Amino acid sequence: MINQKKIDEWIHEVEERPASAALIIQYIANRLSELASREEELAAQNIELLSGRKVDEYESRIANLEYQLELLKRQLGGEINFPIEMPANKPRIETVNLLVFNPLGLVMRGEMNQAELASGQTITRISGGEPLGDMRPSILVTPSQEELLLLFDSGRTLTLPVSQLPLLSLEKLDWQQASIYEPSVKEELAAIHPIAKMSLYETCIQVSRRGFVKKFKTSFLATHITEKYIGTGVKLPADKTCGLTFANKSELFVMVSQEGYIFSMQADQLPVAIEEVIHLGITDHIVSTFITGSKPSLLFITQNGKAVHREVRWIEPASSFRTKGQAMLSKERRDAGTRLVGAAAVDEADWGVILHSDGTLTVHNLGELLAAGSVAAGNQNTSILCFSGFHMPERKG
Amino acid sequence: MGLHVGIDFGTSNSGVGIYQNNQVHVLPIDSKNIVPEVVKTILYITSDYKHFIGQEAVELYYKQNINRQRRFVKKWTGEIDYHGADMHYVRDVYVYMDELQPGRLMQFIKTALRSEKYVGTQVFDRFYSLSDIISTYLQLLKQHAEGLLHEEISGVTLGRPVKFSQVPELDQKAQTTLHQAALEAGFKQVDFELEPVAAALYYELSLNKPQNVLIFDFGGGTLDLTILRLGDPHLRKVYASGGIGIAGSDFDRAIIQKRMLTHFGKGLVQHDPEILNLIHTIPDWAALPELSTPRAKADLERAIHANQAPVKLKALESLIFNDLAFSFYNMIESTKINLSDTGVTIARMKEKNLDIWELYTRSQFEKDIQEHREQIQNVLMDTVYASGMEPDQIDAVVKTGGSSNIPIFTEMLNAIFGADKVKSSDVFNSVTAGLAIKAQQNS
């Protein structure tokens, strides 16, 4: 507290040593400026309190916690009774669902019959895609009891359980029958993410097509979800958000570009503000992001059907941002037009679904795919559009 | 037969020196310190009884302690016998222990030698006597020095102030404790030299004719004054010596008492003895860390809840329960040091719930330590007159020790003896260097 006595003492100092005057003024000016900004902060907080916004914020936090509780309930397959007792003899009815979606917000859901899946099998051919032109579709394989986050490139989000998406017959997937989660004007559906287990992770990483990244705590993501807005996650006007990845702090985050450049870094070293972590060529963009977790292998799929295998330890984590990235494809192959369409950290028991340019969807055991080195199924004249790996749930007796 | 070194075991800083090949070498013991030849007299003991000194101790302390979690558990510590006129009963005594405490930091160890009452302290499950604490510190100094010299050190010449205490029995007891600690640390031969005399030996190297010299050794714990004839090793003579237990740490305490307590509720809290007791414990570096008990927490929360200077008491809570005491004392010491170079500085500390900003001037500081200044001037004049000389018969005044750089004392010496006679020695190393010379003579 500054009082008259102190001021008198300062004046006394100036009388004794005039050189101190300038310093005193400088220190007080700095302090005044610091206090002014602090006062502004406090005034803003006061307005929030008076306007009831703070109350809204706390209500929203409560709603968010309730929401997470709801997610946990869904995972456990029913109401939670405290103390929680797991239903010992009540098997969960969980199937493997295939989602196909495109930037226009068209989403199709089919159910894959686990018992009948065989590696290399063509599971269906999607029809009705011609009018969609170059709206490149994406695929996601997810358990039926998942919760989904639909992420639009404007930063808007939408959540819904998988089961709420209309179920189509897998044999007759047709874009004309797809559900429409219509984006607003100038908005595209960037990605769909399973989020039921997000509370098990510490960090959420938002990635843009041009290699910009930001991380935030998953608890913040829950708030964003409640607000139905996560932020665009881009800096450049031409850039678009392209996905989210959940990670724990010590896990290795990997990002793969279409031209075969890889950026990897431990999650806790990633920036909290949007930052260009990999400097991509002008024609390049990110196609896959994932964490390596406990998986031993990495699988890269090229548009011409090659399945390239690397061990996780092959990856060289970056020590700084704006790196060029670790090259996966040789210059010759890149110049010859080879491009990556997807990548994932996998083990031999995992499975993957591949969408070919003629609409064919094939399913593969990744152990066999890694051994074979190429995608055998599908028409030789077609290229591969995208790839999604998944872990097959254990088949119930 | 091992080497014989000189050790300046100071209140704030220590050092090790050796005289080899006709040269004094002050060893770079603390490679992590900005000045490696100076080791902070700080000991950190971890919960698994590993010991660290100097900058390494400080860094580990910060790493393990600041804003850490606490978990208090009730532990049985003993029993008390109650004897009444017609009754006798025994009661168990429990204390609350923080079982997550990762270690214990000790500083100003040398000051404890001046204390009549201090015998040692409990560190987790072990009791460390004062001799144990000092021997642990000296042992680590010895190990570091042996690592640098690649040879065993068997003997040491330790510096000691002219008077640990004005009471002769306490003075003798302090030297005995230090001697015992050095033996426990592994030195086979231990001898002592007065610190100001050691500083004089180093100064003597620069002389080409005999002089009457006043050594003004003003460190972290004591002021030691010695007037002696230097310049001819065969005719070296001590005319008088004196001193007083006032030094750097007392000035820090004065700053806290006069300028800092208002930041923690002094003047605003009244009629609340528990809280006032907490506030008035702040200047006591040894007691402050001990305040982090559930009882103190409950007292503070009660007072804050009653809207009794809530912002100041939140700051006090943060100081006590976020292990900020060490940072706080460091900040005070830096503020004091800054005022040696400039007329104005800012005492600044910003942590969770704690925001200290205090514009502090040299004239304020001089006012705050005025009482100490007068005491020091009296002791100085007493020592000069005890030597049988007048101030103008002193040929040179050699300042050494960190506190000797405080301008008010330089001005005092200039006024008494004349500015041309007042000389600055290497404030941290001159005693170490002199002890190294003495060690060579004693070996």
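Tutor: Let us begin with burial: a residue is buried if 20 or more other C-beta atoms lie within 10 Å of its own. Please bear in mind that this is a predicted model.

Student: With that cut-off, how many of the 8 residues of strand S14 of chain B are buried?

Tutor: In strand S14 (residues 211-218) of chain B, 6 of the 8 residues are buried, so S14(B) is largely enclosed by the rest of the structure. For chain B as a whole, buried residues make up 45% of the 443 residues.

Student: Which strands pair with S14(B), and in which sense?

Tutor: Strands of a sheet pair through backbone hydrogen bonds, and the pairing may be parallel or antiparallel. Here, S14(B) has an antiparallel pairing of 8 bridges with strand S15 (residues 223-230) of chain B. A hairpin of 4 residues leads from S14(B) to S15(B), and B:Leu214 has B:Ile227 of S15(B) as its bridge partner. With strand S19 (residues 396-400) of chain B, S14(B) runs parallel, joined by 5 bridges. In that pairing, B:Asp217 is opposite B:Thr400.

Student: How is the secondary structure of chain B made up, and what share of its contacts with a separation of 6 or more joins residues 24 or more positions apart?

Tutor: Chain B contains 13 helices and 20 strands. Of its contacts with a separation of 6 or more, 68% are between residues 24 or more positions apart.

Student: Turning to chain A, in what order do the strands of the open sheet that contains S10 lie?

Tutor: The order is S12-S10-S11-S15 in chain A, with antiparallel pairing. Strand S12 (241-247) and strand S15 (275-276) of chain A each have a single partner strand, so they stand at the edges with one side lacking a neighbour in the sheet. Helix H4 (residues 218-227) of chain A packs on this sheet and touches S10, strand S11 (212-217) and S12 of chain A. The direction of H4(A) makes about 95 degrees with that of S11(A). Between strand S10 (residues 203-208) of chain A and S12(A) there are 6 bridges, and A:Ile205 faces A:Thr245 across this pairing.

Student: How should I read a nonpolar core, and which residues touch the most other members of the largest one?

Tutor: In soluble globular proteins, nonpolar side chains tend to be buried together. The largest nonpolar core here has 85 residues, and A:Leu99, A:Leu299 and A:Ile301 touch the most other members. Strand S20 (residues 340-346) of chain A gives this core its largest share, 6 residues. Beyond four places in sequence, the residues that A:Leu299 touches include A:Ala343, A:Ala344 and A:Val346. A second, separate core holds 83 residues, among them B:Val24, B:Ile215, B:Ile394 and B:Phe409.

Student: Which residues bring the two chains into contact, by number and by element?

Tutor: On chain A, 14 residues are in contact with 11 residues of chain B. Helix H1 (4-16) and helix H2 (20-51) of chain A are the elements that give two or more residues to the chain A side, with the largest share, 6 residues, coming from H2(A). That side comprises 7 nonpolar, 2 polar and 5 charged residues.

Student: At what angle do H1(A) and H2(A) pack?

Tutor: The angle is about 145 degrees, and the axes are 8 Å apart. A:Trp10, A:Glu13 and A:Val14 of H1(A) make the contact with A:Ser20, A:Ala21 and A:Ile24 of H2(A). These residues divide into 4 nonpolar, 1 polar and 1 charged.

Methods: Residues numbered from 1 in each chain as written. Chains lettered and ligands numbered in written order. Predicted model: local features only at pLDDT ≥ 70, side-chain atom pairs only at ≥ 80, totals over all residues. Pairing = 2+ DSSP bridges. Contact = placed C-beta atoms within 7 Å. Axes fitted to C-alpha atoms, helices over the stretch in contact; angles between N-to-C directions. Buried ≥ 20, exposed ≤ 12 C-beta atoms within 10 Å, placed from the backbone. Nonpolar A, V, L, I, M, F, W, Y, C, P; charged D, E, K, R; others polar. Core = buried A, V, L, I, M, F, W, Y, C linked by C-beta atoms within 7 Å.
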